[in-house]
Amino acid sequence: MNITIIGRKCNPRDSFKERAEKKLAKIDRFFDDEASAKITVTIEKTMAAVEITVNSNGLIVRAQERSADMNDALDACVDSLIRKIRKNKTKVEKKLRQGALDNFTFGDDLVEEESDYEIVRTKNIILKPQSVDEAILQMNMLGHHFYMFLDEQTDLVSVVYSRSDGGYGLLVPELE
């Protein structure tokens, strides 16, 4: 697995990098050799945030955790990734190499495996051309956490969303 470590507002020490590689070895067996992991470490006042994004054959698994200590945030983030893989074991197996998780035992802690996803509601929306600012305003007016719209500058269907840090994000489609 290719591991990239990025520090925002900090420079992670070599000891953190070694610890991160050791921790990611736990999930390395789930993915093939071409998988890539991106670890982003951000220091904010008294908190450290660690975000891990693993990309393998188009499957993206992501987790983000915060803690007072960078190493604690890393540990919690890796545990969160493992929980996500456990919960969706069947679907992950289909997406990744066949049988990768068959010989792996998940220990004593039982996690309920998800079956097929159930769509309980379908909603049709009318897309009208809007600017990003108009879309954020509309999202806030509706009290939603995300809002899909037709970007008037790019003529692409885009999504704005509210982030946990209080900011906003924009998802713009890109074809492979």
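**Cores and sheet**

Modeller: The largest nonpolar core has 26 residues, and Ile27, Phe31, Val50 and Ile52 have the most contacts inside it. A nonpolar core is a set of buried Ala, Val, Leu, Ile, Met, Phe, Trp, Tyr and Cys residues joined through side-chain atoms within 4.5 Å. Buried means under 20% relative accessible area (1.4 Å probe, protein chains only).
Modeller: This is a predicted model: local features need pLDDT of at least 70, side-chain atom pairs count only at pLDDT 80 or more, and totals for chains, interfaces and linings use all residues. Residues are numbered from 1 along each chain as its sequence is written, and side-chain values use heavy atoms, with hydrogens and water left out.
Biologist: Which elements give two or more residues to this core?
Modeller: H1 (14-28), S2 (36-44), S3 (47-56), S4 (59-67) and H2 (70-87). Helices (H or I, at least four residues) and strands (E, at least two) are DSSP runs, numbered from the N terminus. H2 gives the largest share, eight residues.
Biologist: And what is Ile27 in contact with, leaving aside neighbours within four places in sequence?
Modeller: Met1, Val54, Leu81 and Ile82. Contact means heavy atoms within 4.5 Å.
Biologist: What does the second core include?
Modeller: That separate core has six residues, among them Ile136, Met139, Tyr147 and Val160.
Biologist: New topic. What is the strand order in the open sheet?
Modeller: S5-S6-S7-S8, with mixed pairing. Two strands pair if DSSP finds at least two bridges between them. S5 (129-130) and S8 (168-171) are the edge strands.
Biologist: How many bridges join S6 to S7?
Modeller: Five, and the two strands run antiparallel. Phe149 has Ser158 in S7 as its bridge partner.

Conventions:
Buried < 20%, exposed > 50% of the residue type's maximum accessible area, 1.4 Å probe, protein only.
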